[in-house]
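This report is meant for someone meeting the structure for the first time. Please keep the sequence and the model in view while reading.

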Amino acid sequence: TALTPQALGRCGCSDHRGADGRRLDGSGGVAMQLADIDPVAVVSQQGRAVEATKQPAANGLPWLRMLIATLGACALVGIGFGVGRSLPRAADSNGGHDATARPWPLSQPPPSQPRLPSPPPSPASPSPSPPPSPALPSGWWSYGEEWWDSDVDWEAPPTDGMVVTELNTYEKDGYVCSVKAGHLEGWGQACYHSSRSQLSGVVAKRVHTWVGPHVLGKTVETPADIDAVTDTAWRQNYKHTGDVLAQVLAGVDTALWDLVARNLNVSVCTLVAEVMGGECKSHMPVYGSNGNRETDLGLLLANAVHNHDKYGVQAFKFQIAQRMGGDVDITPNRTETLIPLARQLLGPEVTLLADANGGYDTIERAKPIAQLLIDNNFTFFEEPYPFWEYDKAAALGAAMPGMPIALGEQEYRMDVWQRNVHAMDVWQPDVHYIGGVSRSLAVARMSMEAGARFVPHSPNPSFVAVFTLHIAAAVPNAFQFMEADAVNTRQPPDGKRFFTEGVLKIKDGKMKVPTGAGWGVALRSDWVDEASKRTSKMKSSPPPPAPSPPRPRD
């Protein structure tokens, strides 16, 4: 019996050589007798080379040993070839992807991918078998870090309506993202610049990898559709639950609210008012905030007096204690000096608020400060303890019923909001930290049921101030003032750093609510051009080729 090239070819071993270097395949072919050789398959770590070596035949049934060894070599090559085809292909040397890669079995598309309809069984078949599982469209790449290395094209079946087809992120001086559906584009913001967080790069990446799969390809035409998308994205990212996920989700959610309102040709304020059973106000009074504790106390108070006189600001919030200071003030007696002095300089008619940023640890230290606030007619006491100390805040509120407690700017979990209704008189979600407009409105509903005030946190003169302006003007139980940067400076920022117009301009102590469709604002083109952009998008699959006509019979 001869070991021929044809025999080797049938088992896939087409590149074998003998120990003397002679090829055993069809290109060099020699026929060798089984009695003369005893091949041993040597498979490289990469599974790409198989070599046959010639050894002296052993005593006893050499042909049988030869046959077993040959079949074993072919089996190893076949297994390696099959496994190699079943695994997803890695990114190429340029950081891109092989468009033919299939990271999942073809019978099981990834959970976020819309299933394609299975073809109906042929009518000619008397007993059709169950329809096969839909094939995975080409263009899917595995989730992960590679997404950040290059733009991503997703393929999906053509669909009518407001289907989200593109997701963009822009990173510069904070963080902005946009979504596209049809001919419309909605703009949102995932986080704002903070020297304390430095999260914009991380958030930028996760917009695409965590939320992108749950929004691309979805039809979003109403606030209820946005709620469904955000809820799904939150649930499916349960392993990532936290502040980063909330900011990631906020970027997409706020862009979707802009998109839906633009499609309906109404402002987000009007849309929120319809959802919440209120009406959209034309203007919102502001309270000045953002006083830096390290700035001279006299200068801060002088700024407040100036902005009251020039811009008509009728309310101010001052930062007291030391941020997360553990009962120790940033300088001795600063808080005890600031509280009565602010009231003296600004007069009895101005609304005053205080924010400790978690500066106290004990009721023995916080209670006297609360009493001082009551004595000077302050309206609320924000975050007396670290924000997670809800029971301590509730105890302080019970001990000092004349001083409402404001909490919530750091909180992102809905169950925590629900469990701590007893601790808060004033509810302060931050649109970014909680995960967007939809989740902010869920908190607003809870605050309405609790009979509390709703005061969104918005200390930054960027998109977050625009979001808060629309929300606060539409939610029925919103506080009469919204937060604005008007203590650190005598020239409150008007928004022109980001937007084409001064949409945050303060006049007579108020901001005008934009009336255009969506957020009613436009980003400066130079800001967009200078930002670092990343894109994830979907494109319609090409139609399948027409079937070939049947061949005529001979």
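Predicted model: local features only at pLDDT ≥ 70, side-chain atom pairs only at ≥ 80, totals over all residues.

## The model as a whole

The protein has 15 helices and 18 strands, and of its 554 residues 47% are buried. Among contacts with a separation of 6 or more, 71% are between residues 24 or more positions apart.

## Helix 4 and its surroundings

Helix 4, residues 223-236, has 14 residues, and the distance from its first C-alpha to its last is 20 Å, close to the 20 Å expected at 1.5 Å a residue. Its buried residues are Pro-223, Ile-226, Val-229, Thr-230, Ala-233 and Trp-234. Because these residues cover an arc of only 130° around the axis, they lie on the same side of helix 4.

The buried residues of helix 4 are covered by elements including helix 3 (200-215), helix 5, helix 6 (268-276) and helix 13 (437-450).

## Helix 7, from cap to end

Helix 7 comprises the 15 residues 297-311, and at 1.5 Å a residue it should span 21 Å, which agrees with the 21 Å between its end C-alpha atoms. At its N-terminal end, helix 7 is capped by Asp-296, of which a side-chain oxygen lies 3.0 Å from the backbone nitrogen of Gly-298. Just after helix 7 comes Gly-312, with a positive phi of about 75°.

Buried in helix 7 are Leu-297, Leu-300, Leu-301, Asn-303, Ala-304, Asn-307 and Tyr-311. Seen down the axis, the buried residues fall within an arc of 150°, and therefore they line one face of helix 7. That buried set packs against strand 10 (315-319) and helix 8 (334-346), whereas Asp-309 and Lys-310, on the other side of helix 7, are exposed.

## Helix 13

Helix 13, which is among the elements that cover the buried residues of helix 4, has 14 residues and reaches 20 Å from its first C-alpha to its last, close to the 20 Å expected at 1.5 Å a residue. Its buried residues are Val-437, Ser-438, Arg-439, Ser-440, Leu-441, Val-443, Ala-444, Met-446 and Ser-447. Just after helix 13, Gly-451 has a positive phi of about 70°.

Nonpolar side chains tend to be buried together in soluble globular proteins. Here the largest nonpolar core has 121 residues, and those with the most contacts inside it are Leu-256, Phe-318, Ile-320, Phe-381 and Phe-463. Helix 5 (residues 243-264) gives the largest share of this core, 11 residues. A second, separate core has 9 residues, including Leu-353, Ala-406, Val-426 and Phe-481.

Which of the loop residues described here are buried, and which are exposed? Asn-357, in the loop between strand 11 (351-355) and helix 9 (363-375), has a positive phi near 50° although it is not a glycine. Asn-357 is buried, since its relative accessible area of 6% is under the 20% cut-off.

Asp-508 lies in the loop between strand 16 (482-485) and strand 17 (510-512), and its phi, near 55°, is also positive in a residue other than glycine. Asp-508 counts as exposed, because its relative accessibility is 61% and the cut-off is over 50%. Leu-504 lies in the loop between strand 16 and strand 17, but Leu-504 is buried, with a relative accessible area of 2%. Leu-504 touches residues including Pro-461, Ser-462, Ala-465, Val-466 and Met-511, and its C-alpha atom is 8.8 Å from that of Ser-462, 42 residues apart along the chain.

Notes:
Residues numbered from 1 in each chain as written. Heavy atoms only, no water. Helix = DSSP H or I, 4+ residues; strand = E, 2+ residues; numbered from the N terminus. Expected span 1.5 Å × (residues − 1). Buried < 20%, exposed > 50% of the residue type's maximum accessible area, 1.4 Å probe, protein only. Arc of directions from axis to C-beta. Contact = heavy atoms within 4.5 Å. Polar contact = N/O pair within 3.5 Å; in protein donor to acceptor, adjacent residues only side chain to side chain. Core = buried A, V, L, I, M, F, W, Y, C linked by side-chain atoms within 4.5 Å. Lists of a residue's contacts leave out its neighbours within four places in sequence.
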